[in-house]
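This briefing is intended for a reader with the sequence and coordinates at hand. Please consult both while going through the points that follow.

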Amino acid sequence: MLITNATLVTWERSNRVLSGWGIYIEDGKIADIGPDAELKTRHPNASLLDAHGQLVLPGNICAHTHFYGAFSRGMAIPGDAPANFSQILDKLWWPLDKSLTEEDVRYSALLCLVDAIKHGTTTLIDHHASPNFIDGSLDVIAETVEMAGVRAALCYEVTDRDGPEKAKAGIAENARFIAKAKSPLLGAAFGLHAALTLSNETLELCRAAVGENVGFHTHLSESKDDGLSVQKKAGMRPVQWLNKHGLLGSHSIAAHCIHVDENEMDILAENGTWVTHQPRSNMNNAVGVSPVEQMLSKGIKVCLGNDGFSNSMWEEWKAAYFLHKLSTGDPRRMDGYTVTEMAVYNNAALANSFFPVEVGILKTGVAADLMFVDYASPTPLSAGNLPWHIIFGFRDSMVTTTIVNGKILMKDRQLTTLDEKEIAAKSCELAAKTWKRYEEKF
Ligand SMILES: [Zn+2]
């Protein structure tokens, strides 16, 4: 397939915006890239896909999400509204994840995958919980990912909150899935909930369950509860504790890292742990502001996730851009390049640690994971000012076509692999029952 009549945004380290260029795709990869006329000469028999002058960019990547939270939209929390993070877990997430059945897990994932394709998000790193359907839950999600045609790295969150048997089932689910998840679209990590719900003993079991080269994906100091909990059970800080158990390092992801001190940041920098930033979630939960710029300046690889919010990653770009300005009272903070560093370059590097092909950049030899953006720029657009066009100009609705592994998943806003209406209708039916089971837990 030859994409013609495009304006390419390459997201190379020295980013380029190239008008009148095209991309030739073969076997799921970008096989050639260049001016239209040259490509047409070199590949005369290719089937043509006219981009009609739209921007063509590498698909967006989400570094931390929760498909299982999809049914929470519009759900009422009984009684008084949660007043802090621990009450949000107690009243919202834990009774909800316990209400999920196999079908709920399937349709929650499908809803998120529809949303991802519509918003040009082509790679997602998910963190799953369904305590009453643990064994095989990652297979169900994996099936939906392959059906949708996007890339996703999956894990199951191990926790002690539901007793040792469920913790062991979570460990087994991770180990089983890690051993089998080997496809261009599927990756795996070992999921841990958070320091506040894990014991020394369980962490030892987790570490022993998989090989040294397996990464762990955990929440870390999202609220102050992790710090208080680890101080009590181990007399140290959460980063020191996880590090002592061998759970951090260049394959592992620590989501949030809001309440981390200088020494903890130094440890994360030293051992190369990936950190993910989810500003919309942090604002919604009122848990604080992650010291993202400080971490980046220490060399920590901070990425951008959505924590289960909409899969339009540009919304997360915008939240990051505005939040740090407001919280520091300094409009110079968190500029467009810093957002790009997280959302583009670090997210791509993280995704590349999970999949056998390179993503997140336009050049020959990498995966053809692309989106078309219908953005008729009203002011001059260049590689240098593109981040500000994205933050102030790009809208969800501008994504018209999404391609992963060379396969078209949405063309001119029509999904090709998933039936959006059927998925929404079935999800409505299932969610009503899930909400009922959830309410019965109070
Ligand atoms: Zn999360």
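Which residue in strand 12 does Thr 218 stand opposite? Thr 218 stands opposite Ala 254. The structure is a predicted model, in which local features need pLDDT of at least 70 and side-chain atom pairs count only at pLDDT 80 or more, while totals for chains, interfaces and linings use all residues. Residues are numbered from 1 along each chain as its sequence is written. Helices (H or I, at least four residues) and strands (E, at least two) are DSSP runs numbered from the N terminus.

**Parallel sheet**

- Strand 11 (residues 216-220) and strand 12 (residues 253-256) run parallel and are joined by 4 bridges; two strands count as paired if DSSP finds at least two bridges between them.
- An open sheet of 5 strands, with parallel pairing, has the order 10-11-12-13-14.
- Strand 10 (190-192) and strand 14 (301-304) are the edge strands, each pairing on one side only.
- From one strand to the next, the twist averages 25°; axes are lines fitted to C-alpha atoms, for helices over the stretch in contact, and angles run from 0 to 180 degrees between N-to-C directions.

**Domains and their contact**

- The chain is divided into domain 1 (2-59 + 358-412) and domain 2 (60-352), with bounds that come from an automatic or database domain assignment.
- The C-alpha centres of domain 1 and domain 2 lie 30 Å apart.
- In domain 1, 21 residues are in contact with 29 residues of domain 2, contact meaning that the C-beta atoms of two residues, placed from the backbone, lie within 7 Å.
- Helix 14 (386-393), strand 16 (399-404) and strand 17 (407-411) are the elements that give two or more residues to the side of domain 1 that touches domain 2.
- Helix 14 gives the most to that side, with 4 residues.
- By class, the side of domain 1 that touches domain 2 has 13 nonpolar, 4 polar and 4 charged residues; Ala, Val, Leu, Ile, Met, Phe, Trp, Tyr, Cys and Pro count as nonpolar, Asp, Glu, Lys and Arg as charged, and the others, Gly among them, as polar.

**Positive phi outside glycine**

- His 52, a residue other than glycine, has a positive phi near 50° and lies in the loop between strand 4 (48-50) and strand 5 (55-58).
- His 52 is exposed, with 12 other C-beta atoms within 10 Å; a residue is buried if 20 or more other C-beta atoms, placed from the backbone, lie within 10 Å of its own, exposed if 12 or fewer, and partly exposed in between.
- Ala 286 also has a positive phi near 50° and is found in the loop between helix 10 (279-285) and helix 11 (292-297).
- Ala 286 is exposed, with 11 other C-beta atoms within 10 Å.
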